[in-house]
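Biologist: Before we discuss contacts, please put the model on the screen. I would like to go through the chain contact and then the ligand.

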Amino acid sequence: MTERLVVNPIECDGHGACAELLPEMITLDEWGYPIVDGRPVPPALDRDARAAVSACPTLALRLLRS
Amino acid sequence: MTTAMRGTSAEGTATDLPRLLPASQQPQEWHAHAARYGGRVPFRGAPGRLIPDVREAGLTGRGGAAFPVHRKLEAVLDAATSRRKTAVVIGNGAESEPASDKDATLLWLAPHLVLDGLQLAAEAVGADQAILYTHADRRHDVGRRLEQALTQRRQAGVERVTVQLAQAPPRFLSGQETAVVNHLGGGPSIPTFIPPRPSERGFDGAPTLVQNAETLAHLALIARHGPRWFRQVGTAAEPGSTLCTIRRADGTARVTEVPLGMPLRDLLGPVTLDGAVLIGGYHGTWLPVAQAVQLTLDNHALQAAGARVGAGIVITLPPDSCGIAETARVVRYLALESAGQCGPCLNGLPRMAAALAELAGARPRRQARADLERWAGLVTGRGACHHPDGTARLVRSALVTFAAELDRHGRGRCSGTNPRPFLPVPRAQARTEEDWT
Ligand SMILES: Cc1cc2nc3c(=O)[nH]c(=O)nc-3n(C[C@H](O)[C@H](O)[C@H](O)COP(=O)(O)O)c2cc1C
Ligand code: SF4
Ligand code: SF4
């Protein structure tokens, strides 16, 4: 089972907490909204990915099983 | 706008067109429909039974995305079965694209074919209710025609599932499928995030099939004549016919039904080779005429040129219009129509519109072109719906197709001598709460 990060752009308010916790997979665009790497989260980043998901204040960031 | 629907020969045999539209161009009442197609809806007796025929026919959605119809039918039926929740079917006749007129024409001239398809789709997924969603703001009173058609059908005793009619607000996004479901459920007419897909959890939480009006009409004919008949026109990979809205440089427009794979040269009629055509509407692609006349109207051929059939809109730019100014007007409209709920769309589309407006004028900054390219890349794939992707596709194709004209603008010149707007764009409206509801 692999998991991928997805951001619900309707809920996301662009404060960027996620990018701080997971810079390897999330960068911010010039307006402050996250650009999320949609590839499977590698095991080494699993913990940081979960931390980023729980840090999102609007529950916009999710891990989806695929 | 005139509505000319010329097939290649008389009605009757399988390869003849039109299949969907009446050759007479007169609205088909129930008795005329019954005389042409038979007075019964060819129900199959149980959910799922029609699906293998649809798969074999290779029918794809005619609302723009060309998604295989059998896969959506299967997904909705599976979700309904596994969740033990009865499905709902929505016929999408919103036709929110201002340059398109094919669904309104179909619903006006052949309402019973769409309503047959709605009943058959409902049976295929085991639905117990159906909704037909139409544009409120068109040249014909499609809503009234459909009410009359439903009365005729009830009198003829052919309706199984109750069909409700609903009106789409005249906004670009109102035809997007999650916006349709959202609006019909009492919410605003703006998209929602996927997942969940409507096929999983849509109208009233039920597995919901959303299918374009034209798609339903093709489905009705596949149920009657079978997949082999359907495949007698079109290409092997993209079978069947498709309705197109053709807008010529002289300002005339018509809706016509053509086989997929038709040479664009034949579709376009008289053109000047140094001109440009817009394929696929406002989420579509500008191509130089010289390139377009080498192509055929199917996704396989168009993909190579970065274009797609979309909802079948083909527009020839008049030689005296400026393609950049025209695109700038359309992109301004598209930016105003953004639901403004996703950061990249909210920020990117108005900036793209402003940069294009600058490029449409004299001596734009050099930076404007680079900004546009970057923003087009930045918004793509980052909205809850495909509105930013389609807008970016249009913008990028304009930058390529009108590259020489952009250079001219850089030198303070423009080859467009006719300032009159050509592409149909509804009056720009500021968004207010009630517009969405
Ligand atoms: C911005 C936007 C507007 C759309 N408008 C329409 C529309 O007016 N009518 C339509 O049938 N599909 C429209 N679509 C496509 C629908 O989301 C959906 O894919 C379609 O109704 C499914 O039917 P089909 O598979 O039979 O084509 C739109 C999509 C987008 C992104
Ligand atoms: S933390 Fe959540 S709301 Fe903030 S930028 Fe990331 S996804 Fe968006
Ligand atoms: S991408 Fe744009 S148009 Fe689509 S839902 Fe988001 S804000 Fe609305």
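Modeller: This is a predicted model. Chain A and chain B bury about 1200 Å² between them, and 66% of that area lies on carbon and sulfur atoms.

Biologist: Which residues of chain A lose the most area to chain B?

Modeller: The contact draws 12 residues from chain A and 18 residues from chain B. Within the chain A side, 52% of what is buried comes from three residues together. They are A:Pro9, A:Ile10 and A:Trp31.

Biologist: How many salt bridges are there between chain A and chain B, and which residue does B:Arg374 pair with?

Modeller: The count between chain A and chain B is 2 salt bridges. For the one made by B:Arg374, the closest N and O atoms are 2.8 Å apart, which is within the 4 Å cut-off. The partner of B:Arg374 is A:Glu30.

Biologist: Which elements give two or more residues to the side of chain A that touches chain B?

Modeller: Between chain A and chain B there are 5 residue pairs in polar contact, with both residues at pLDDT 80 or more. On the chain A side, the elements that give two or more residues are β3 (34-36) and β4 (61-65).

Biologist: How does that side of chain A divide by class?

Modeller: Charged residues number 3 on the side of chain A that touches chain B, and there is 1 polar residue. The nonpolar class on that side has 8 residues.

Biologist: Turning to ligand 1, what share of its accessible area does the protein cover?

Modeller: An oxygen atom of ligand 1 is 2.7 Å from a polar backbone atom of B:Gly63. An oxygen atom of the ligand is also 2.7 Å from an N or O atom in the side chain of B:Thr215. On its own, ligand 1 has 610 Å² of accessible area, and the protein covers 88%.

Biologist: Which strand gives the largest share of the shell around ligand 1?

Modeller: There are 18 residues around ligand 1, and among those that come nearest are B:Ser96, B:Glu177 and B:Asn212. By class the shell has 10 polar, 4 nonpolar and 4 charged residues. Its largest share, 3 residues, comes from strand β4 (residues 208-212) of chain B.

Biologist: Back in chain A, which helix holds both A:Arg50 and A:Asp46?

Modeller: A:Arg50 forms a salt bridge with A:Asp46, with the closest N and O atoms 3.0 Å apart. The two residues are 4 residues apart, about one turn of the helix. Both lie in helix α2 (residues 46-55) of chain A.

Terms used:
Residues are numbered from 1 along each chain as its sequence is written. Chains are lettered from A and ligands numbered from 1 in the order in which they are written. This is a predicted model: local features need pLDDT of at least 70, side-chain atom pairs count only at pLDDT 80 or more; totals for chains, interfaces and linings use all residues. Side-chain values use heavy atoms; hydrogens and water are left out. Contact means heavy atoms within 4.5 Å. Buried area is the accessible area (1.4 Å probe) that two parts lose on being put together, summed over both. A salt bridge is a side-chain nitrogen of Lys or Arg within 4 Å of a carboxyl oxygen of Asp or Glu. A polar contact is a pair of N or O atoms within 3.5 Å; within protein, one must be able to donate a hydrogen and the other to accept it, and residues adjacent in sequence count only if both atoms are side-chain atoms. Ala, Val, Leu, Ile, Met, Phe, Trp, Tyr, Cys and Pro count as nonpolar, Asp, Glu, Lys and Arg as charged, and the others, Gly among them, as polar. A residue is near a molecule or strand if one of its heavy atoms lies within 4 Å of it. Accessible areas come from the Shrake-Rupley method with a 1.4 Å probe; for residues, only the protein chains shown count as cover.
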